[in-house]
Amino acid sequence: MKIAVEIENLMFFYPDGNKALDGVSFVVPERSKTVILGPNGAGKSTLLLHLNGLYTPNRGKVRIFGKLINAENIREIRKKVGLVFQDPDDQLFASTIFDDVAFGPQNLELDKKEILRRVEEALKAVDMWDLRDRPPHHLSLGQKKRAAIAGVLAMEPDIVVLDEPMAYLDPRGQEEITAILNRLNNEGKTVIVSTHDLDWALEWADYVVILNAGRVMAEGDKSILTNRRLLEQNGLKAPLLVTLFEDFEGKLGIPTSLKEAKQKLKKIML
Ligand SMILES: Nc1ncnc2c1ncn2[C@@H]1O[C@H](COP(=O)(O)OP(=O)(O)OP(=O)(O)O)[C@@H](O)[C@H]1O
Ligand SMILES: [Mg+2]
């Protein structure tokens, strides 16, 4: 297994002394669809802000494709790791959505035609092309989220990190973003997503990290999401499919996708 991100004993204190990360260690396999789960305040956003060097650890290490993030390689790291913030207002700053999405590619010193191609492709992917001339503060929250995602898509990074990308999106928007994440992953990119939606995580992820009070409580494949005790101990609620099937576990086993659940049901019904 090749590793895209390696976190080793990461500690981080906010300036007010609040310890947000308390010795976090885990790896993200290359080309994986990784979810970071945990209750409010677990440290998910703080952790993700370390992945492209926006935050610097107080102690511990972050490696991207084996390279330790440092002051010299930070530009290179930011080309490799694209981060969509939890709050789009922290991300969008230009006077139009178009300029906002163009900002990253412009910094890569690409030619004009390539910049335009990337901006158009990214904005169309999130269904925001028609709103390209609008100022970010004139958009709904869901539209801002989409624009922030487009900003990272336009950078075409190898590792795409999204902090709660589905929050505030309508069901169609959630489906569209899921399709984009799958496409990126099929193209060979590593996709890392924090979310509170365990049903979505069970369906989508192939690697799971559970964070609580600044520590990693579990890491591995998505069978973690069928462990009700572990989830509840960490302030999480078992996915609906797990709740539905756990009484029949001995007979049917617990499915880790809707497709698998349907197959199991068909088998006993037909
Ligand atoms: N700017 C800040 N100054 C001080 N403490 C902070 C700051 N931002 C976050 N924290 C604290 O750090 C801890 C981790 O917060 P973080 O935002 O990383 O959690 P989270 O898992 O992303 O939560 P949520 O699910 O609500 O987004 C919390 O205790 C939080 O109160
Ligand atoms: Mg957060």
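## Briefing: salt bridges, core and metal site

The side chains of R146 and E176 form a salt bridge, with N and O 3.0 Å from each other. R146 belongs to helix α5 and E176 to helix α6, so this pair links parts of the chain that lie 30 residues apart in sequence. The structure is a predicted model, and it holds 20 salt bridges. The points below treat these contacts, the nonpolar core, the magnesium site and selected features of the backbone and surface.

**Salt bridges**

- Salt bridges with shared partners connect E114, R117, R118, E121 and E156 into one network.
- R117 and E121 are joined by a salt bridge of 2.9 Å, taken from N to O.
- These two residues, R117 and E121, stand four residues apart in helix α4, and are therefore separated by about one helical turn.
- R117 is partly exposed, with a relative accessible area of 34%, and E121 is likewise partly exposed, at 44%.
- A further salt bridge pairs D127 with R172, whose closest N and O atoms are 3.4 Å apart.
- D127 is in the loop between α4 and α5, while R172 is in helix α6, so the bridge ties together parts separated by 45 residues in sequence.
- D127 is partly exposed at 46% relative accessibility; R172, at 54%, counts as exposed.

**Nonpolar core**

- The largest nonpolar core contains 55 residues, and L37, L181 and I210 touch the most other members.
- Helix α5 (residues 141-153) makes the greatest contribution to this core, supplying six residues.
- Both domain 1 (3-238) and domain 2 (239-270) provide at least three residues each to the core.

**Magnesium site**

- The magnesium ion (ligand 2) has S45 (OG) and Q86 (OE1) as its protein donors, at 2.0 to 2.2 Å.
- S45 is part of helix α1 (residues 44-48) and Q86 sits in the loop between β6 (81-84) and α3 (97-107), so the pair ties together parts 41 residues apart in sequence.
- Q86 has a relative accessible area of 35% and is therefore partly exposed.

- E114 is located in helix α4 (residues 112-125) and is partly exposed, at 22% relative accessibility.
- The C-alpha atoms of E114 and R215 are 42 Å apart, and the two residues are 101 residues apart along the chain.
- V119 also lies in helix α4, but is buried, with a relative accessible area of 0%.
- Between the C-alpha atoms of V119 and T190, 71 residues apart along the chain, the separation is 21 Å.

**Positive phi angles in loops**

- E156 is not a glycine, yet has a positive phi of about 45 degrees.
- The position of E156 is in the loop between α5 and β7 (159-163), where this residue is partly exposed at 33%.
- Y168, also not a glycine, has a positive phi of about 75 degrees.
- Y168 is found in the loop between β7 and α6 (171-186) and counts as exposed, at 60% relative accessibility.

**Nonpolar surface patch**

- L265, I268, M269 and L270 make a nonpolar surface patch of about 500 Å².
- Among them, M269 is part of helix α11 (residues 258-269).
- With a relative accessibility of 67%, M269 counts as exposed.

Key: Residues numbered from 1 in each chain as written. Chains lettered and ligands numbered in written order. Predicted model: local features only at pLDDT ≥ 70, side-chain atom pairs only at ≥ 80, totals over all residues. Heavy atoms only, no water. Patch = residues over 30% accessible without salt bridge, like charges linked within 9 Å, V, L, I, M, F, W, Y side chains within 5 Å. Areas by Shrake-Rupley, 256 points an atom, 1.4 Å probe, with all protein chains shown as cover. Salt bridge = Lys/Arg side-chain N within 4 Å of Asp/Glu carboxyl O. Buried < 20%, exposed > 50% of the residue type's maximum accessible area, 1.4 Å probe, protein only. Donors = N, O, S within 2.8 Å, 3.2 Å for Na, K, Ca; no water. Core = buried A, V, L, I, M, F, W, Y, C linked by side-chain atoms within 4.5 Å. Domains from an automatic or database assignment.
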